[in-house]
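Here's a quick tour of one model, taken a topic at a time. Have a look at the sequence and the fold before reading on.

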Amino acid sequence: MEKLVNDFSFGLFFWQAIILLVLIVLLVKFAWKPIMTAITAREVGIASAISAAENARKEMQNLQADNQRILNEARAEREAMMKEAREIKEKMIADAKAEAQAAGDKIIEQAKATINSEKNAAMAELKGQVSSLSVEIAEKLLKTELSNKEAQSALVVKMLDDVKLN
């Protein structure tokens, strides 16, 4: 270090200082503005990219919120449709049961009416047969009574036996 201090020359220092100042002036005049412009442009680009990223993040949050809202609405609509379908199904089943019950009741009533009419017809036929048999017995009794009392009694017994057998 002492050697550097001993070899120090003011002329060399002066020229080096002038060259340094000229170099600084040249850099300020020609290179400083483009470098600062590039740095400013880069700073603006970074700021706009950060702003765009922030806007994209906010928009993404909004889209997620909208998607969630739409999904919730779709779920609610699906639930409403399922509930309505269940209600329609239950109503259709209840209507079918009511129709089946009504049809069954109608068939039962028709069967009862048919049975009743057939019963009445059988009773009428039976009454007709009984009345015709009574008339025949009375006719035979009258014929027999006019002829013989013993024969009449035997005929009545015989006719009663015939009626019981039939």
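Is Asp66 buried, partly exposed or exposed? Its relative accessibility comes out at 33%, so Asp66 counts as partly exposed. Bear in mind that this is a predicted model.

Asp66 has a charged partner: its side chain meets that of Arg69 in a salt bridge, at 4.0 Å from N to O. The two residues sit three apart in helix α2, which runs over residues 10-147, and that spacing is about one turn of the helix. Arg69 is partly exposed as well, because its relative accessible area is 41%.

Arg69 also pairs with Glu73, and here the closest N and O atoms are 3.1 Å apart. Why are Glu73 and Arg69 separated by about one helical turn? It's because they are four residues apart in helix α2. Glu73 reaches 44% relative accessibility, so this residue goes down as partly exposed too.

## Another pair, and the overall tally

Next up are Arg78 and Glu79, whose side chains meet in a salt bridge at 3.1 Å, N to O. How open are they? Arg78 has 46% relative accessibility, which means partly exposed, and Glu79, with a relative accessible area of 41%, is partly exposed too.

Searching the whole structure turns up five salt bridges. As a general point, side chains of opposite charge can pair when their charged atoms come close.

## The coiled-coil annotation

UniProt, in an unreviewed entry, has a "coiled-coil region" covering residues 46-91. In the model that span is 100% helix and 0% strand, and its end C-alpha atoms lie 66 Å apart.

## The transmembrane annotation

The record also has something to say about residues 12-32: UniProt (unreviewed entry) places a "transmembrane region" there. The model makes this stretch 100% helix, with 0% strand, and puts the end C-alpha atoms 27 Å apart.

Phe30 has its place in helix α2. With a relative accessible area of 56%, Phe30 is exposed, because the cut-off for that class is over 50%. For a sense of distance along the model, take Phe30 and Leu71: they are 41 residues apart in sequence, and their C-alpha atoms are 61 Å apart in space.

Methods:
Residues numbered from 1 in each chain as written. Predicted model: local features only at pLDDT ≥ 70, side-chain atom pairs only at ≥ 80, totals over all residues. Heavy atoms only, no water. UniProt positions renumbered as here; feature names shortened; annotations may be inferred. Buried < 20%, exposed > 50% of the residue type's maximum accessible area, 1.4 Å probe, protein only.
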